[in-house]
Amino acid sequence: MIAHAGHLPGLSREAVRWREVAHGAWGERVVLALPELDAAQAAALCEQVRENARGRLKQMPVARIVDAVDAAVARLLDRDHPLRRKAEHLLPIVTGYDRESVRLGLTGYLRTFRRPQLLRFLAEDFANPAMLDGFQPAAKGGLLRAQGPNLLLHIWAGNVPALSLWSLICGLLVKAGSIGKLASAEPLTAGWFAGLLAGIDPEIGECLAVVWWKGGNAAAEAPFLQAADTVMAYGGNETLAALRAKLPVTTRFLPHGHRIGFGVVAREALDSRKAPALARLAAHDVARYEQQGCYSPQMLFVERGGRVAPAEFAGYLARELAALAHRHPRRALSPGEAAAVAGWRGAQELRGLEGAAELFGEPADPWSVVHVEAAEALSPTGLNRTLKLVAVDDLAAVPALVGPYRAFLQTAGVAAAPERLLRLAERLAAVGVSRIAPLGRMTAPEPGWHHDGRFSLLDLVTLTEIEPGAEAAAEGFASYAD
Amino acid sequence: MTQAEIIEALLAFIARPDASEAEFEAMALQVFAYQFRNNEPYRRFALQRGRTPLAVRRWRDIPAVPITAFKGLTLSCCPPEAASHVFMTSGTTQGVRGRSYHPTLAVWQRSMLDNFRARFMRGRARIRMGILFPDDRELPNSSLAHYLSLARRACGTPDSQGFIGADGLDLDGLLAALAQAEAGGEPYALLGASYSFVPVLDALAAQGRRFALPEGSLILDTGGFKGQSRELAPDAFYDALSAAFGVPRASCINMYGMTELSSQFYDDGNAVCPSVKSGPHWVRSRVVDPLTGADLRDGERGVLVHHDLAHFNCVSAILTEDAGEIVPGGFLLLGRVDGEASKGCSVAVAEFLAAARS
Amino acid sequence: MRFQGRVILVTGASRGIGAAIARAFAAEGGIVVVNYRTNEAAAEAVAAECRTLGGEALTVAADVTSAEAVAAMAQRIAEEAGRLDAVVNNAFAPYRFDPDRRARFWETPWEAYGRQFDGAVKATYTVCQAMLPLLRRRSGASIVNLASDLVARPSIAYHDYATAKAALIGFSRNLAAELGPLGIRVNCVAPGLVYPTDASAATPEEVRETLIAQTPLRRIATPADVAGPVLFLAGEGSGFVTGQVLHVDGGLVMA
């Protein structure tokens with residue numbers, strides 16, 4: 001079968017050139033057709049989305065957008081809806097994640113975009129979300145109005161299913177005309193979602209498009225990069241730097257680079273009863289999305305002095321990963337990914353010869369845990385369920401071990417008593433950690449979270465303020481002025 | 001077995017090209033037992049893998065050490081200070097070079113010469129050589145310098161010359177020698193690091209010069225470009241060599257060797273790339289899945305493992321970082337195996353290191 | 001070759017059931033650590049048989065109730081094999097299954113219980129403690145303890161022996177609960193009367209016939225009958241089985 005990706009209002013399927021890409025996993029194959037627009041089509045699409053947004057989206061109350069998103073998400077949450085069924089069928093083949101992980105992941109993620117969560121999301125960033133609809137009184141006096149960009153370009157990356165919805169919905173909530181560039185590794189969900197929206201509220205559907213071009217293809221991307229007034233991009237630092245260099249200086253650039261997550265386990269969480277349960281939660285964070293998420297843990301700092309020693313905790317973790325591998329088999333790895341895992345594992349094994357590291361699991365196991373007793377700084381593992389556990393005398397040592405990598409920090413999963421949690425959080429915040437989650441929830445941020453510590457909506461808008469003086473001065477020109 | 005005994009057994013084995021598969025296996029298991037007993041880090045490695053002389057019955061099950069281990073560990077059966085020669089890699093990891101310790105070069109030299117004569121000299125006793133690499137006095141820790149110096153001493157005519165010394169490339173000397181060879185009509189052999197040929201090719205191109213070396217002339221290159229020169233794709237490289245020196249691509253032989261081995265691999269010319277490489281009867285190569293270490297089927301691409309019995313004092317079984325594939329008559333060498341960036345938005349090792357360096 | 005490259009410790013493997021178990025592992029390619037207490041010649045003979053069968057063997061003398069001796073055995077395994085995939089606790093204190101001359105309860109001193117406890121529970125405890133670090137390094141290690149169907153069905157009351165084996169079953173189930181989260185399985189094999197062995201040599205023909213008459217499969221277990229279930233519980237086929245007692249008595253006990 002061939003599945004067409006994208007959402008191209010105003011363009012017929014025949015008018016567009018399609019690039020066919022085959023994907024295979026779990027014994028099935030699918031061919032995806034990705035749209036390749038020519039320069040004229042791209043420029044026209046940008047103009048059209050911008051104009052439609054100006055004429056329609058920007059005139060709508062934000063509540064109507066919330067309702068439409070809610071309705072679209074409700075359909076994707078409905079396991080009997082044809083599109084949901086399609087997603088559950090195709091996403092495992094395209095991304096390689098096992099069916100159960102995709103199903104559970106989709107549901108867990110989508111439920112954070114229901115109406116109450118969307119409203120909370122708005123309230124999180126705007127003291128008065130009505131300022132997206134019109135001028136509202138400001139606390140300091142005067143009036144404030146928030147405007148989203150006219151044309152917001154999303155450049156998505158990675159294979160985590162449906163991750164694109166996050167920024168797409170952010171853009172819609174601030175009424176931005178939106179064009180999303182699909183990630184080659186997950187080029188489906190955003191287009192489906194846009195199609196659903198267009199069915200529910202055709203006027204909204206006219207204000208967004210979902211496109212694709214081959215990453216780095218300068219000719220293909222130029223029309224989009226020139227037309228957008230805000231660009232939200234995901235990718236590695238190299239990709240982001242190249243992209244930034246191509247943007248007009250007046251374009252607002254909101255990059256989300258790659259990140260490394262880590263966990264911290266305090267000694268009070270390590271008694272005979274709690275430790276095995278905690279190991280299970282940590283293993284879940286490691287296995288979900290094969291550590292491909294920016295929030296995924298790659299290292300775990302475990303405090304000495306609990307009833308369960310770090311070495312023993314590593315043993316529990318290894319076993320939980322082994323058990324999870326039965327329920328959620330690891331994706332088939334590409335040669336490069338396998339080399340990364342093998343390279344990392346090999347290096348740990350050599351350190352093990354000097355007694356500096358203890359390696360759990362056999363080379364053929366679809367997971368690896370290494371435990372080291374000497375404190376060491378944060379570093380990435382081989383990904384795909386490879387974890388390093390570092391013993392520390394005291395949690396207080398952790399901020400210094402992760403601090404040098406501020407640019408890569410985002411999520412820390414912490415298991416500690418309240419007082420110590422707060423004390424540690426204070427210091428983690430100072431070195432650049434922007435999200436502290438419980439173990440077991442590292443890969444599932446709560447609705448309205450501040451991605452990379454930023455205001456997801458507020459960062460997109462421009463405020464117009466009517467100063468109190470202007471308001472007062474206007475009084476002087478009123479027909480009813482004395 | 002004592003060191004003297006293992007050396008004697010190996011020299012005898014190298015002298016027997018008709019040795020059977022079973023005899024190779026028996027010799028390999030003896031060498032493994034010797035290394036397990038005398039090489040402490042390798043012993044720990046084998047124990048960690050659960051592959052000990054007690055457990056291993058086939059040469060294929062002898063645990064292969066990742067080649068990076070030669071950088072961090074002292075892999076030697078004799079005390080390192082008892083080594084007469086220490087060969088070091090040119091590439092480093094954080095300033096550390098890989099090292100191979102040799103208590104004697106007797107086995108190394110026997111291995112090199114028997115194989116070199118069979119695969120490069122092809123029945124000739126001597127040939128006039130031009131060497132594009134410093135000699136072993138200049139680079140005492142370079143296995144390639146020893147290799148080329150030994151080739152020249154044992155198989156070169158007295159008028160053979162080296163053209164790279166302390167002052168760099170002696171281009172004039174080289175051109176003079178080539179012109180003389182061209183005129184003299186006797187076959188000539190040009191040997192050196194692959195990257196050493198590039199500036200020569202560039203200089204000849206700049207001068208618009210070409211040579212037509214006499215029939216029977218040979219070229220031997222090795223090691224690739226390693227960032228020391230421009231990178232050339234294999235076809236472009238051999239086309240250029242062939243055009244510049246008048247040596248057909250079938251007579252351009254690539255040697256694949258490494259500091260962490262005591263034997264080399266050769267192809268039978270590079271008329272077609274990638275060429276099929278193979279080693280002598282005391283060496284076996286496997287292609288494995290990098291994750292599990294399990295043998296892949298012939299024709300499947302994986303990572304190369306070499307078992308070189310001649311490397312008796314260090315470790316005979318090494319897991320390389322070279323991609324390869326087993327084909328009839330040997331293996332194909334398909335470049336390096338590199339780790340891949342994350343498919344998602346987690347940071348992977350390469351990007352992390354790049355950021356840490358900058 | 002289900003146990004190719006795997007290392008299995010069998011305690012008390014110089015004769016009888018232990019020797020049969022060792023041979024069975026070797027026939028599947030296993031590397032068997034043949035533990036014995038005193039009879040070196042017998043142990044070496046078992047090891048030689050193991051090699052003939054296609055496996056490998058290492059003989060190690062150790063009194064399994066001595067922590068020092070067992071620690072030395074663990075050290076030896078670590079140094080020569082580098083790994084341990086399964087432990088079969090087969091050794092037990094000397095015992096004569098002689099129904100005609102067995103001690104009745106009022107004739108059984110507490111010391112006799114103590115000896116059997118040491119032979120069954122203390123030996124298993126000591127071996128498990130010492131081998132645990134090696135077992136934890138593998139993913140999917142297994143412990144198999146030899147119990148007895150006399151616990152479930154005291155056809156003949158061997159008080160001290162059967163009580164100690166009952167304790168061993170309780171010990172094994174608790175260990176299974178503790179080690180499950182570490183990926184190590186613990187199970188018991190409970191044979192009925194096994195003949196011929198040194199211990200059962202004194203069991204008269206008449207008693208054996210009576211047992212056979214009551215046994216659905218109409219015979220008495222041989223040492224080789226015990227080996228099959230032990231291999232099953234030590235191997236991957238039982239990967240999701242722990243804390244169980246597998247009776248090997250031709251159906252005498254059904255539980």
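The domain assignment of chain A separates domain 1 (2-258 + 451-466) from domain 2 (260-437), the bounds being those of an automatic or database domain assignment. The C-alpha centres of domain 1 of chain A and domain 2 of chain A are 32 Å apart. To the contact between them, domain 1 of chain A contributes 19 residues and domain 2 of chain A contributes 15 residues, where contact means heavy atoms within 4.5 Å. The model is a predicted one, in which local features need pLDDT of at least 70 and side-chain atom pairs count only at pLDDT 80 or more, whereas totals for chains, interfaces and linings use all residues. Residues are numbered from 1 along each chain as its sequence is written, chains are lettered from A and ligands numbered from 1 in the order in which they are written, and side-chain values use heavy atoms, with hydrogens and water left out.

The secondary structure of chain A amounts to 16 helices and 18 strands; helices (H or I, at least four residues) and strands (E, at least two) are DSSP runs, numbered from the N terminus. For 482 residues, a compact globule would have a radius of gyration near 23 Å, and the 24 Å of chain A agrees with this. The radius is taken over C-alpha atoms, and the globule rule is 2.2 Å times the number of residues to the power 0.38. Along the principal axes, the C-alpha atoms of chain A fill a box of roughly 85 × 60 × 45 Å. Of the 482 residues in chain A, 59% count as buried, a class defined by under 20% relative accessible area, with exposed meaning over 50% and partly exposed in between (1.4 Å probe, protein chains only). Among contacts of chain A with a separation of 6 or more, 74% are accounted for by residues 24 or more positions apart.

Accessible areas come from the Shrake-Rupley method with a 1.4 Å probe, and for residues only the protein chains shown count as cover. Chain A carries 51 positive and 51 negative charges, whose mean positions are 3 Å apart. In this count Lys and Arg are positive and Asp and Glu negative, while His and the chain ends are not counted; each charge is placed at NZ of Lys, CZ of Arg, CG of Asp or CD of Glu.

The buried residues of H6(A) include A:Trp166, A:Cys170 and A:Gly171. After H6(A) comes A:Lys175, with a positive phi near 65°. Helix H1 (residues 39-55) of chain A contains A:Gln41, which is buried at a relative accessible area of 14%. With neighbours within four places in sequence left aside, A:Gln41 is in contact with A:Leu11, A:Ala15, A:Val16 and A:Glu36.

Chain B is likewise assigned domains, namely domain 1 (3-104 + 282-317) and domain 2 (106-281). A distance of 27 Å lies between the C-alpha centres of domain 1 of chain B and domain 2 of chain B. In chain B, 28 residues of domain 1 are in contact with 23 residues of domain 2.

Chain C has 7 helices and 7 strands, arranged along the sequence in the pattern β-α-β-α-β-α-β-α-β-α-β-α-α-β. The radius of gyration of chain C, 17 Å, is close to the 18 Å that the globule rule gives for 255 residues, so chain C is as compact as a globular protein of that length. The C-alpha atoms of chain C fill a box of roughly 45 × 35 × 35 Å along the principal axes. Of the 255 residues of chain C, 55% are buried, and 78% of the contacts between residues at least 6 apart in sequence join residues at least 24 apart. Chain C exposes about 10800 Å², with 55% supplied by carbon and sulfur atoms. The 24 positive and 25 negative side chains of chain C form sets whose centres lie 3 Å apart.

Two buried positions of chain C were examined individually. C:Ser14 is placed in the loop between strand E1 (7-10) and helix H1 (16-27) of chain C and is buried, with a relative accessible area of 13%. Beyond its neighbours within four places in sequence, C:Ser14 is in contact with residues including C:Ala19, C:Asn35, C:Tyr36 and C:Val46. C:Ala112, in helix H4 (residues 110-136) of chain C, counts as buried at 5% relative accessibility. The C-alpha atoms of C:Ala112 and C:Asp160 are separated by 6.1 Å, although the two residues are 48 residues apart along the chain.
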